[in-house]
Amino acid sequence: MNSLDSQDCNPQPREEDPLLKFIDYARSALSPEIHDDSDPNGNGAETARPSWNWIASRILKTCSAYSSGVTAAILLSDLSQAWHEQNRDRPVKKMPECVKQLRKKNKRRKLSNTVTIDSIYEKNFLSLNSVLEAVIVDVFVLPGTNIYMLSLGDFWSTNTIDLYLHRRYYDLISPTNGILKKGRQIFLTGCHLRPAAGGGSRCPRLLPTEYLVILLDEDDDGDAMLLGAQFCSDSFSSISLDAFSKNVSYSLYARIEFIGPLEVQGKFGTLQRKQITLVDDDGAKLQFLLWGDQVVLANLFSVGSMLALDEPYISSSADTAAETSAEVSLEFGSATQLFLVPFVQHEEQVCVSLTPNRHQGSRLLSTLDPSQSTQVSQVSLPCDSHGSIDFSSCPFQSFITNLRDKMTGVSLYGVVTSIIKERCTTEAIFSLRIEDTTGTIWTKLHFVKHWSLGRLSLGHTVYISGLTCSMKKRKGFQLNRCHDSLEAIWSENTGGASFFNLSSLPALLNSSCLHKLTKLSDLSSQTSCTQIVHVRLEMVQFHLSTRLSHAVCGHFVTEQPMGVSKCSFCNENCDEVIRTFHLKMTLADKSGTIFAWCTGHTATEILQISPDEFFELPEEEQVMYPASLDNERFMVAIVNCNRQDSGPSDALVLETEGISWEITRALKCD
C-alpha cells in the first residue's frame, strides 16, 4: 500500500470546481488591495491575507450551520465579519507606549483561548476559561484602601482594563524591584468581569483571580538573574515528601512536555483533573496536577515552554493516582506562584509550488500540463523546536505532491478512493486514501471511541484539516518488504482538526454559489468530483429493497449466525442497527440516462417515505409503490463510485454491486 503515488501523466480535461473557485474569489474579496499578479517568488503581501485553509473551513462550517442553503452574500458577510474580528491587530486609537514597544518585539503566537480587551468592552462579557495575554500599563493603590490594581493592555487592543490583584501576589509588588511592574507581561484566566454599571464605574473591571502566570524573558538580565538565583538550585530528584512535611519549600524549573486531556475523577464523576508532564534539566519527569477550577490554568501553557514553580504543593503520586512512576507529584497550592518563559515558534521560509490551478481557475483532479513551468512562492510559516512546520496559516491551497515529512496543520481537498479499518489494533483507526489534482496519499484517521463522520464512501469529495505528515515504515502488497513512505495522520480530538463530506453536505443542493449544474451526458468514467444534475426518475430499471445498516457509519450489515449483525466497514459486530433503503434506479434528463444507486437519507428523500413506514406496508402496496414515482423530478448530487484502484474485496466496492454512480443528496423539485 503506497502512501504517496504518482499520478497518471495523461492529461484529461476536467470540470471546474465551483467551491474552489469561490474560495479564491472570497480571498480576493476580503483583501481587494492585494493582487494575484504579485511577484510569485517573493514574500509579497500574501501573509496579510486570510489563509486558504481558514476560508475553506469557515465556508464549510457556515454551510453546516445553514442546512437549507446559503448564498454568496451570506458566505461573504460571515467571512468578512469573522476575518475582521480575528484580524483586529491594526488599532486606530492610541495604544499605550509600553505595550507598543513590546508589541514590536513580540514573536509569540496567540494562545487558543485568548480574547482581547477591546472585545470585552464590545461584548461586556468574559467567560471563565478565556485567556488574557496582558501587559501591565500601571500599578496603583485604590485611594483610601490597601487594594492593589493593575491597569492592563494587550497587543491587539487600544483600550485598557483594570484588574483587582489577588492578595497572593501582593509580595511581588515593590516600588524598587517588584516583578509585577509596568511593562511586565502576564497571562491570566478564570476572571470574573464586573461590567460597567450605569450608576457606578463607566468602565468594566476584572475581579481578583488566582490563576495568573508571570512571563519572564531569559534574554533580560533581571529575569535571567531571578531564574538563576531562585529556580536553579532545586531539581526533581531533590524533592522529598518528608522534607516537605517539615515545611521545606521548593522552587523548580522545567519544560512542559505534554498537556493531558481533561479527565473526570471522583465517585460521582464531578471532579475535573488535568495532568501536565514536566521535564527538568536532568531529564527527570514529574506530573503537575490541576484539580477542579484549577484546570483553566492549562489554557495559559503551551508545550515547549519553560515553567518555573515557586512553592508548589508536593503530593504522593499514589494518593493522587497520577500516571507516573515517580513517587511524588506537583500541585498548585495556596502559596504557589507560577512563572513562564514562553516557547517561541521560529518561522521558516518555505517555497510553495503554485500549480496551474491557482492561476487558471481551480479544477478538481485535472492533470497538470507538464509543459507549463512551475511557479513558486516563498512564505514564512511557524516552525517548532522539532523542525515541524505549521501550514495552518499557509495562504495557498496544499496539494498532495507538495507534502513532506514534518508538516503539520495541513488541509487537503480531494476525493475518497479507498477506506480500510485497521485490524491489528483495539483503537478506532481507519486508513483513508484521498486523491487530489496531483496524486494520492493514505491518511490515518484516529477516533476517540468509534467512527464519527457519518456515511462516507468511494468517490465522495472531502475537505480534511489538521493533518500531520510523517515518514513511516510501510509494507507493500506485492513485495513483502518494508519501505519508507509518507503518511498523513488525523486525530479527532486534535485542535484544528475538521472533516467535511461535501458530497453529503445538506446545504450543497440549495447553494448555487457552490455548485454548477451539469448534464448526464457530461458524466464519464473520468468524472471525479461531485456533480449536480436535474433529473427525472424512469421505471425502466427500478429496484427497491430494505436492509439493515450500522447506525454509527451508515453502511450495510450482514446477518451472522446466532442473530449477530456484522459491519464490514467497521469490521466489528454491532448492536446499533437501523432499517434503511437500498435503491437502484434509472435517472434521465434531456441528454441521456444513467443507472445509479443510493441509500440512507437520500433514498428516503427520493421515496418520500421512511424505511420503517415502508416496511409496515402490505406486500402488494410495497410492490406498487415505485410506480407512483415515475417521472418525478429531483435535483441530485452524483459521485463516481467506480474506483478501479480499489481491491475487488473491499467492503465499499461490494456495496456498490458494480454500479458506477451513487446519489449522495437529493432534493425534490416542485
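**Exercise 1. Where is the place of asparagine 571?**

Solution. The structure is a predicted model, in which local features need pLDDT of at least 70, side-chain atom pairs count only at pLDDT 80 or more, and totals for chains, interfaces and linings use all residues. Residues are numbered from 1 along each chain as its sequence is written, and side-chain values use heavy atoms, with hydrogens and water left out.

Step 1. Helices (H or I, at least four residues) and strands (E, at least two) are DSSP runs, numbered from the N terminus. Asparagine 571 is placed in the loop between strand E29 (565-567) and strand E30 (572-574).

Step 2. The phi angle of asparagine 571 is near 55°, a positive value in a residue other than glycine.

Step 3. Buried means under 20% relative accessible area, exposed over 50%, and partly exposed in between (1.4 Å probe, protein chains only). With a relative accessible area of 23%, asparagine 571 is partly exposed.

**Exercise 2. Determine whether asparagine 247 is buried or exposed.**

Solution. Step 1. Asparagine 247 belongs to the loop between H7 and strand E9 (251-259).

Step 1. Its phi is near 70°, a positive value in a residue other than glycine.

Step 2. The relative accessibility of asparagine 247 is 73%, so this residue counts as exposed.

**Exercise 3. Describe the nonpolar cores of the chain.**

Solution. Step 1. Of the 670 residues in the protein chain, 50% are buried.

Step 1. A nonpolar core is a set of buried Ala, Val, Leu, Ile, Met, Phe, Trp, Tyr and Cys residues joined through side-chain atoms within 4.5 Å. The largest one has 65 residues, and those with the most contacts inside it are Leu152, Ile186, Leu278, Phe288, Phe301 and Leu330.

Step 2. Apart from this core lies another, of 41 residues, which includes Leu412, Val462, Cys553 and Cys570.

Step 3. Contact means heavy atoms within 4.5 Å. Leaving aside neighbours within four places in sequence, leucine 152 has contacts with residues including Ile117, Val135, Ile186 and Leu188.

**Exercise 4. Which residues of helix H4 are buried, and where do they point?**

Solution. Step 1. In helix H4 (residues 97-105), the buried residues are Cys98, Val99 and Leu102.

Step 1. Viewed down the axis of H4, these residues fall within an arc of 95° (taken from the directions from the helix axis to the C-beta atoms), so they line one face of the helix.

Step 2. The buried residues of H4 pack against strand E2 (131-141), strand E3 (148-153) and strand E5 (185-189).
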